[in-house]
Amino acid sequence: MKLFFCILLAFSSAFAAAQQKSTREAQFLIEKVLLSTKKNDPTHQLNSFKYDAYENLKISGDPEALTGPGYKKTELRKTLKKTGVFFAEKTSQHIYDETEGYKEIITGANMPGFDEPVYPIYNIDFQSENIYNDAYIIFDQEYLSPLSEKSISLYNFKIENDSLIMGRPVTKISFTPQEVKAPQLFSGHLYIDKQTYGVAKAVFEKTADLNINAFHEFIYDSTYSLWFNSSRKLYVRKEKTRKALELFGARLDVGIKSSTKEDETASEDLYLIIEAVNSNFKTNRDIEYGTRGLKVEVQDSAINQQEQYWKKHRGEDAFSTAELAQFMDLDSIVDASKITRKLETIDKFKAGYFPVSFVDIDLKYLVKFNEYEAFRIGMGGQTNEKLSKNFRINGYLAYGTKDAVYKHKIGVGYRINKEKDTWLNIYKQDDITEFAAESFLTDARVYSLFEPRLINIPTFYLFKQYGISLQQRLFPSLISEVSLSRKRINQTTNYQFIPDDQVFTQYVLAEVSLGARWSPVSKFMRTPRGYQEISRGYPILSGQITQGIKGFTESNFNYFKISGKAQYSIKRPDKSRTEFLLEGHYSVGEVPLTHLFHAYPNAPNKDEILQRFSVAGTGSFETMYFNEFFSDKITIGQIKHHLVPFHIFSFLKPEMVLISKVAWGDLDNAQRHQNVTVNTLEKGYFESGFELNKLLFGFGLSASYRYGAYHLPNFADNLALKFTFYLEL
């Protein structure tokens, strides 16, 4: 017996020693792989490369596993309810240039059941193509790769055996997380080329909340001693617990918790399958990159490929199961359930429109309220591509219940160039607008159910305007607009402008303006419908110059104005973020107060703090009273720090935001502006506070306090308490 234990102990010691040796050798080999990453990564080793790809996405199973906000989720879920399967396929060219970066040109796009593909699907990073990156991505979720710089401290490695791939000797290494329950780590295998230390095959597996199996196959290029990814596969199957993924820009929860016996017997399986095959690799050659600044480009002809085209690319077993073969019936099913119509409606609603035949009704004109008009009731809209892709008519008609006056705008646009989205517009407008409210021509359209500051604004002027403008996207990240306009101004107050000896209460302004907005880090996609910003990067820079021309169309004044704005945001993995805004305006010449600048005040001119309780704006000074300060030169700074959301309940995740704002300004020749009190900001205006957002139905609360040189004697006059409202459509 003693001899048996001695033999067993010796065997155990030898086995443990062998295991340690295998682990040390595997770790040593992985260290060599990491040191050789740049040599084996095509994006580092090559000046350029290009290859063709065919990829398909299949989703089959329980649509109730699709949860979370977003119209894309809703329509996909409806499709699955009717069909039990969702299918999409594409062909594309993948291009890399060391100067311009990576882009995908989609040459064929097929999504049965829809008149056009749901283009946002092409923004999703379903599965990493480059396994040498630190992060391995599945459905836009980042996992820590076994080939990341930190892998030695995250994973256990073990040598399994040696074999051959494409006639080259490789070593199979297994990897497992050092922490068994680590959510962002995989298990799997890597096949390492013994000579180059490049990856010749990779398998990633995860069996926690999600069952994930990801595969990469490679082919060897002896000219450059590189392994190129020849195919990818991804299989995701849900379990009973939930795990959120992003699909179509909405949450995809793979898995649901059963609460009844009936639920437990129901089919819960949801399968997501990605299969991609790459071919025709070309390296270090002169490659036609196409339009700069695009990450994804869907060619106009891509959506018109015929069935023969797709049969040529699909594998023989592409639709071997009866369940997945149902996609052939998607066209009639989707048409019968009017999913395409619903998708169009919700998509345009996100931008503030409701489509009715060939007209998109503009929802922002329906109902508003302000002190001058009281309730402002109206209707606006523009024609859409169903009428014409190169011609549009837009406008609105509104009526104020207090002033009992109709306001209107009518405009016509013609697209001169499709590639640069160049539109020539002419318009006529008769309306009111706020004193000293400078705006940027190229600011992106922002739609809200209501405009918070509009409720509080007390001072407006009347104008009648004619104008012509040219809008153009010079390249994906740069949009521009130039306009020429004539305005006849009338007052709703006793304001008088006296630049010399002549008194003006009515005057004519002729202006030529040039504006541009540059998003150098943002990523864009071009589709047959135009350009889309698929991921917003910072900084975002806006600039504008305006020249007033005296004598042109009876204009009364000469002046020059220049404005600039810079936005920056730092996002962190824990979902906190910090936002910065710097804005400046400068003018010189004969500029009436109506066309000078303010710092976006938002405090009603009322005595009691509760009387001033209203809705906070998105970038306004909540403690600054309307008409308190005017400037002909002004600088505004703002910092917002969003803390990590509080997870109280699944339906209650409030967000705390800490805010500080500052403004400096000055005004020359204040005596020109009569019958109005003019204060300046040369000492600096300071305001800080916080917002507690998304407490209930998008509503929250905010508190702000003014301090510094313009602090008021009464404590309550420096304090602003308000609602906030943020609704994500």
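User: What is the general idea behind a salt bridge, and how many salt bridges does the count come to here?

Analyst: Side chains of opposite charge can pair when their charged atoms come close. The model is a predicted one, and with a cut-off of 4 Å between a side-chain nitrogen of Lys or Arg and a carboxyl oxygen of Asp or Glu, the count comes to 30 salt bridges. One of them joins the side chains of Glu-297 and Lys-103, with an N to O distance of 3.0 Å. Because Glu-297 belongs to strand S15 (residues 294-298) and Lys-103 to strand S3 (residues 101-110), this pair ties together parts that are 194 residues apart in sequence.

User: Are Glu-297 and Lys-103 buried or exposed?

Analyst: Both Glu-297 and Lys-103 are buried. Another case to read in the same way is the salt bridge between the side chains of Glu-373 and Lys-407, at 2.8 Å from N to O. This pair links distant parts of the chain, 34 residues apart, with Glu-373 in the loop between strand S18 (367-370) and strand S19 (374-383), and Lys-407 in strand S21 (residues 406-417). Glu-373 has a relative accessible area of 1% and is therefore buried, and Lys-407, at 2% relative accessibility, also counts as buried.

User: Which salt bridge does Asp-668 form, and how is its accessibility to be read?

Analyst: Asp-668 forms a salt bridge with Lys-633, and their closest N and O atoms are 3.0 Å apart. Since Asp-668 lies in the loop between strand S35 (655-666) and strand S36 (673-674), while Lys-633 lies in strand S34 (residues 633-642), the pair ties together parts that are 35 residues apart in sequence. Asp-668 has a relative accessible area of 42%, so Asp-668 is partly exposed; Lys-633, at 23% relative accessibility, counts as partly exposed too. Elsewhere, salt bridges that share partners join Glu-373, Arg-376, Asp-403, Lys-407 and Asp-431 into one network.

User: Where is Asn-130 placed, and which side chain does it join through a polar contact?

Analyst: Asn-130 is found in the loop between S3 and strand S4 (135-138), and its 18% relative accessibility falls under the 20% cut-off, so Asn-130 counts as buried. Its side chain is joined to that of Asp-41 by a polar contact of 3.1 Å, and the Asn-130 side chain also reaches the backbone nitrogen of Tyr-132 at 3.0 Å. When neighbours within four places in sequence are left aside, Asn-130 is in contact with Asp-41 and Thr-43.

Technical notes:
Residues are numbered from 1 along each chain as its sequence is written. This is a predicted model: local features need pLDDT of at least 70, side-chain atom pairs count only at pLDDT 80 or more; totals for chains, interfaces and linings use all residues. Side-chain values use heavy atoms; hydrogens and water are left out. Helices (H or I, at least four residues) and strands (E, at least two) are DSSP runs, numbered from the N terminus. Buried means under 20% relative accessible area, exposed over 50%, partly exposed in between (1.4 Å probe, protein chains only). A polar contact is a pair of N or O atoms within 3.5 Å; within protein, one must be able to donate a hydrogen and the other to accept it, and residues adjacent in sequence count only if both atoms are side-chain atoms. Contact means heavy atoms within 4.5 Å.
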